[in-house]
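Here is a briefing on a single model.

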Amino acid sequence: LEFRRVLFRSDDLPGELRPFGLALNGLLQRIRAMLMRERQFAATAAHQLRTPLAGLRLGLARAAKAGSMAEARPILAELDQATQRTSRLVQQLLTLGRLDPELEHGLPMEPCDLALLVQDVGLSYADQAIAKGIDISFEPPAVPLRVLAHADLLSEATGNLIDNAVRYTPAGGRIVIDFLVDPPGLRISDNGPGIPPAERAAVVQRFYRGETQDQEGTGLGLAIVNDIARLLGARMVIGETPGGGTRITLRFLGQDRPDDRPDEDRK
């Protein structure tokens, strides 16, 4: 459907019909943009899934030709890892499909305990961190932090940040999760390889993987966090730790706490 053919020229309408024509034009333009996003998303998802699915098929064929179970076990281990990566990719693609810019004005928001939510999400990555010998340090805020947000999307953003930190922090490394008060926010710092300043604008683009990163990632994690932050009225900032690792801050602008506490409680 070609929407340009049904858009109204406001100059051609009587004055009393111009508001209706303008509103209808806006609706048709939003529908056109939505259809273009869906078409692009479908093409992108098909392209990104083609390679891992082909790899799984080849791996199954290799396993079927193995002469013994001992020969098949290494192949099955590779298939298990490939299945986990593909599952993560599918999960992230489904999340991207939910992040329609049109949600920005109709997203249901509710008060959330930021520290409690982050702690719950972090616990789900404990086994992954223990397997690599990574110490995750959780430093709760000195005062309760409540933010107005969509709990599921905020959990998804936090999970992507922690998942990235665990993936790129070397074995035996350390991750620190702490909080900011005015405006409220969270910080996740690691002692991994860091993100060069020249790449920080690019890593929030979908499917971008930096030259210094391994190839196990999907290139979607930080893009999802950035999209969710925009929908929640928050801001994501990529920085670095004193040791050169990555520090990512997610801050809820416009949600400052009342100035009713001593200065020493501020952080």
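Arg200 is buried (under 20% relative accessible area; exposed is over 50%, partly exposed in between; 1.4 Å probe, protein chains only), with a relative accessible area of 19%. This is a predicted model: local features need pLDDT of at least 70, side-chain atom pairs count only at pLDDT 80 or more, and totals for chains, interfaces and linings use all residues. Residues are numbered from 1 along each chain as its sequence is written, and side-chain values use heavy atoms, without hydrogens and water.

**Arg200**
- Arg200 sits in the loop between β5 (185–190) and α6; helices (H or I, at least four residues) and strands (E, at least two) are DSSP runs, numbered from the N terminus.
- Leaving aside neighbours within four places in sequence, Arg200 is in contact (heavy atoms within 4.5 Å) with Ile195, Ile238, Gly239 and Glu240.

**Helix α6**
- Helix α6 spans residues 221–231, and nine of its eleven residues are buried.
- Among them are Leu222, Ile224, Val225, Asp227 and Ile228.

**Nonpolar cores**
- A nonpolar core is a set of buried Ala, Val, Leu, Ile, Met, Phe, Trp, Tyr and Cys residues joined through side-chain atoms within 4.5 Å.
- The largest one has 46 residues, and Leu114 and Leu154 have the most contacts inside it.
- Helix α5 (residues 151–168) supplies the largest share of this core, seven residues.
- Another core lies apart from it, with five residues, including Leu56 and Ile75.
- Beyond neighbours within four places in sequence, Leu114 is in contact with Leu145, Val147, Leu154, Phe179, Gly185, Leu186 and Phe252.
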